[in-house]
Amino acid sequence: MIELTNIHKRFGANKVLQGTSLTVPKGSSLVIIGGSGTGKSVTLKCILGLVKPDSGTIKIEGRDISSGDRDAFLARFGMLFQGGALFDSMPVWQNVAFRLQRGALKRPAAEAREIAIEKLRRVGLAPEVADRFPAELSGGMQKRVSLARAIAAEPEIIFFDEPTTGLDPIMSGVINELIREIVVEMGVTAMTITHDMTSVDTIADKVAMLHRGTIQWCGPRAQMAQSGDPYVDQFVNGRAEGPIETLR
Amino acid sequence: MNPLSPLAAVGRSVLALLQQIGQVSLFAANTLSHLVRPPFYPREFLSALFQIGWLSLPVVGLTAFFTGGALALQIYAGGARFNAEAVVPSIVAIGMVRELGPVLGGLMVAARVASSIAAELGTMKVTEQIDALVTLSTDPMKFLTLPRVLAATLAMPVLVAVGDTIGIMGGYLVAVARLEFNAATYLSNTVDFLQLWDILSGLVKGAVFGFIVALMGCYYGMTSGRGAQGVGRATKTAVVVASVLILAANYLLTEVFFSA
């Protein structure tokens, strides 16, 4: 279980998170929606420790993340970055097996490569891709490789940062399905950031809407359409008119 | 206009400079602290050694060669004014190993290496690869910065030694081919007047310059701003600051090593 309590974070004068509180039960899939710049990415980065919150507590399985062994903590996570964030100096298989080639999870190169190829197959990529470099792959394939890297070390928690951004609708659908399958079959706790409503429909058990650094609404996906919250309504239906101010 | 505003502007830039110095010093101390804190990444170190050391050989060699040649011509012309043409071999050698080898080698490596490190790490930062490293339980300071800084610090003295040799050879070729020096006398004069400390001081300078180059490349890359413009600015600043620091450090080291 992931618990965020009253998280505040500002960058200079820009208050990004203003008392965000959120709970993700173990084994469930939460999708955070919200416009650009509402603090979605910063929320994930706070949990991972890439950004330090100014105040508030973050607990995982009841333990505060600011204490304890950081490596052991991070070993429980997998993350799919928005742009893939693959290391372009390494071939695909070394990207996927990155964690398996160093540190506590280190194993022989042949074994690491085998696991990498198996994970690539799991995300629908042929073994031939293993020796290519990330720059030689299409956007959709890079996303798949990145997904394979996120699941390579069998994490308990996976974060997906805008998994369908930059993909065509069909590829988006494929990636959404893949994420759903992986989340279900691995039994992981998942947090996804998106503004793609088809991702929400496929991936989410629970949906949280972030607006101006606080959780505007949070509830089961099935109830989203009847939330009665004007912010959620406006966002879900993509209306220019509504309580969320827009520039035009 | 407030009469104090020019003063405030000066104060602001001084404060910004001091802040920058503080940040770079902390970054350097942090980098060095990883020397004694495992895990280590020997493969990254070897790859950095290849990139920084081996691949810089041509540019350092060519620079030294032409500099040595020009130096021989200049000293011959200058020496001729008071009938001291015979000093060419010893002054070429001393000039190369004490000053020109390390300084020009350092500047060329700054142009080649500080820029490429800053651009590479800056792009990695912008594309979230550095964040990805952290989430994969790998400290970017250990994985990216330390190997590069260590490799540059160790490779530069070797590059300087190679540059010194090629530079002296350039002077020798020009002197023998163009200025009608006797080949054997030129070589023996070179060797006789050169002292061990001349060479060693140049190698120490090289190590310091290598450290500066890689540190600036890493610092400005890791703190790069967003987008193509951010990476461009990081790259430019890394080269400029590394070059100026090399020249400043060169003066200070020369003062320490050779002022009586």
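A residue counts as buried if 20 or more other C-beta atoms lie within 10 Å of its own; it is exposed if there are 12 or fewer, and partly exposed in between. Keep that rule at hand. The model you are looking at is predicted.

Start with Pro163 of chain A. Pro163(A) is buried, because 25 other C-beta atoms lie within 10 Å. Find Pro163(A) in the loop between β7 (157-161) and α6 (169-186) of chain A. What does Pro163(A) touch, not counting residues up to four places away in sequence? The list is Leu80(A), Lys143(A), Ile175(A), Ile179(A), Thr192(A), Thr194(A) and Ser199(A). Now look at Gly84(A). Along the sequence, Gly84(A) and Pro163(A) are 79 residues apart. In space, their C-alpha atoms are 8.8 Å apart.

Next, turn to a sheet in chain A. The sheet is open and has 4 strands, in the order β2-β1-β4-β5, with antiparallel pairing. Which strands are at the edges? They are β2 (14-24) and β5 (63-64) of chain A, and each pairs on one side only.

Walk across this sheet pair by pair. Strand β1(A), residues 2-11, pairs with β2(A) over 8 bridges in the antiparallel sense. In that pair, Ile2(A) stands opposite Val24(A) of β2(A). Lys59(A) stands opposite Asp64(A) of β5(A).

Most residues other than glycine have a negative phi, and most peptide bonds are trans. Asn6(A) is not a glycine, yet its phi is positive, about 50°. Asn6(A) sits in strand β1 of chain A. Is Asn6(A) buried, exposed or partly exposed? Asn6(A) has 14 C-beta neighbours inside 10 Å, so it counts as partly exposed.

Glu61(A) is not a glycine either, and its phi is also positive, about 50°. Glu61(A) lies in the loop between β4 and β5 of chain A. The hairpin of β4(A) and β5(A) has 2 residues between the strands. Glu61(A) counts as exposed, because it has 12 C-beta neighbours inside 10 Å.

Val51(A) lies between α1 (40-48) and β4 of chain A. Val51(A) has 18 C-beta neighbours inside 10 Å, so it counts as partly exposed. Leaving aside neighbours within four places in sequence, Val51(A) is in contact with Lys9(A), Val42(A), Lys45(A) and Cys46(A). Compare Val51(A) with Ala116(A): the two are 65 residues apart in sequence, and their C-alpha atoms are 29 Å apart in space.

Now move to chain B. Where the chains meet, 11 residues of chain B are in contact with 15 residues of chain A. On the chain B side, the residues that touch chain A divide into 4 nonpolar, 5 polar and 2 charged.

Inside chain B, look at two helices. What describes the packing of a pair of helices? Two packed helices are described by the angle between their axes and the distance between the axes. The axes of α6(B), residues 140-178, and α8(B), residues 196-222, come within 7 Å and cross at roughly 145°. The crossing is right-handed. The contact of α6(B) with α8(B) has 17 nonpolar, 6 polar and 2 charged residues.

Next comes the largest nonpolar core. In soluble globular proteins, nonpolar side chains tend to be buried together. This core has 134 residues. Which of them touch the most other members? They are Ala114(B), Ala152(B), Ile212(B), Val213(B), Met216(B) and Ala242(B). Helix α4(B), residues 88-126, gives the largest share of the core, 19 residues. Take Ile212(B) as an example. Not counting residues up to four places away in sequence, Ile212(B) touches Ala242(B), Leu245(B), Ile246(B) and Ala249(B).

Finish with a peptide bond in chain B. Pro38(B) and Pro39(B) are joined by a cis peptide bond, with omega about 0°. Pro39(B) lies in the loop between α1 (5-33) and α2 (42-52) of chain B.

Conventions. Residues numbered from 1 in each chain as written. Chains lettered and ligands numbered in written order. Predicted model: local features only at pLDDT ≥ 70, side-chain atom pairs only at ≥ 80, totals over all residues. Pairing = 2+ DSSP bridges. Contact = placed C-beta atoms within 7 Å. Nonpolar A, V, L, I, M, F, W, Y, C, P; charged D, E, K, R; others polar. Axes fitted to C-alpha atoms, helices over the stretch in contact; angles between N-to-C directions. Left-handed = near helix turned anticlockwise from the far one by under 90°. Core = buried A, V, L, I, M, F, W, Y, C linked by C-beta atoms within 7 Å.
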